[in-house]
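I opened my notebook and listed what to look up. Here is the structure I worked from.

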Amino acid sequence: MVAQGFTVDLDKPLVYQVGHLGEAYQEWVHQPIVSKEGPRFFESDFWEFLTRTVWWAIPTIWLPVVCYSISVSIHMGRTVPEVALLVVFGIFIWTLMEYTLHRFLFHINTRSYWGNTIHYLLHGCHHKHPMDGLRLVFPPAATAILLVPFWNLIKLLATPTTAPALFGGGLLGYVMYDVTHYYLHHGQPTVEVPKNLKKYHLNHHFRIQNKGFGITSSFWDKVFGTLPHSKSAKNR
């Protein structure tokens, strides 16, 4: 694959190559290679290991944290109905974060060496290799780092008794998002709602990549006007 005189060698570690594409990076990264075998990112086996995560690691690692956080608010005196509402609100806030991150960070246009490199690690690799099953969910080590400012922000905005449940709800929303995202790529839904959601997300990957930023739902796409046009509407 040649762009501006630079050839990306898919048989070599990609992370330190993609930056050399410069302005051609955006076109290159949005030409997907549909293969279940993902590319190698790093020469180092250690760093390569950190980029690969099985989907079931996400609920296994984070659901106990969710349960603990929720239980803290209950032990601090909040009633179960109050905590349930806080958890639901935390999930709702996560859906907005999911949309915002996907639209404004994961789809930012980059052209510099380090901009391209960071974007590829964050999200570009997923659009280039959308069926790479070991890079569909977020690595737990990176999630743990990001949870620190997330928790501090919630502590700043909420009361001591409500903050843990809100945090647990937001984290539960993330877990739901990540396992849903994996299922939309590798599952074979037979029920109407997940079937439509799978079509909606794959449409984002393979047809209109600057629309349809919601993963778990199209709600925020409708709110902010980024809902992709259907083929039937386009042909009218």
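I am working with a predicted model, where local features need pLDDT of at least 70, side-chain atom pairs count only at pLDDT 80 or more, and totals for chains, interfaces and linings use all residues. Residues are numbered from 1 along each chain as its sequence is written, and side-chain values use heavy atoms, with hydrogens and water left out.

**Helix 9**

I looked up helix 9, residues 192–206. Helices are DSSP runs (H or I, at least four residues), numbered from the N terminus. Helix 9 has 15 residues and reaches 21 Å from first C-alpha to last, close to the expected 21 Å. The expected span is 1.5 Å times one less than the number of residues.

I then listed its buried residues (under 20% relative accessible area, 1.4 Å probe, protein chains only). Among them are L197, Y200 and H204. The buried residues of helix 9 pack against helices 5, 6, 8 and 10 (contact means heavy atoms within 4.5 Å).

**Cysteines**

I searched the whole structure for disulfides (cysteine sulfur pairs within 2.5 Å) and found zero. C125 counts as buried because its relative accessibility is 8%. C67 counts as exposed (over 50%) because its value is 52%.

**Nonpolar patch**

Which residues form the nonpolar patch on the surface? I noted Y16, L101, L105, W114, I118 and L122, with about 580 Å² of accessible area together. Helix 6 gives the largest share, three residues. L122 is in helix 6.

Conventions:
Helix = DSSP H or I, 4+ residues; strand = E, 2+ residues; numbered from the N terminus. Patch = residues over 30% accessible without salt bridge, like charges linked within 9 Å, V, L, I, M, F, W, Y side chains within 5 Å. Areas by Shrake-Rupley, 256 points an atom, 1.4 Å probe, with all protein chains shown as cover. Salt bridge = Lys/Arg side-chain N within 4 Å of Asp/Glu carboxyl O.
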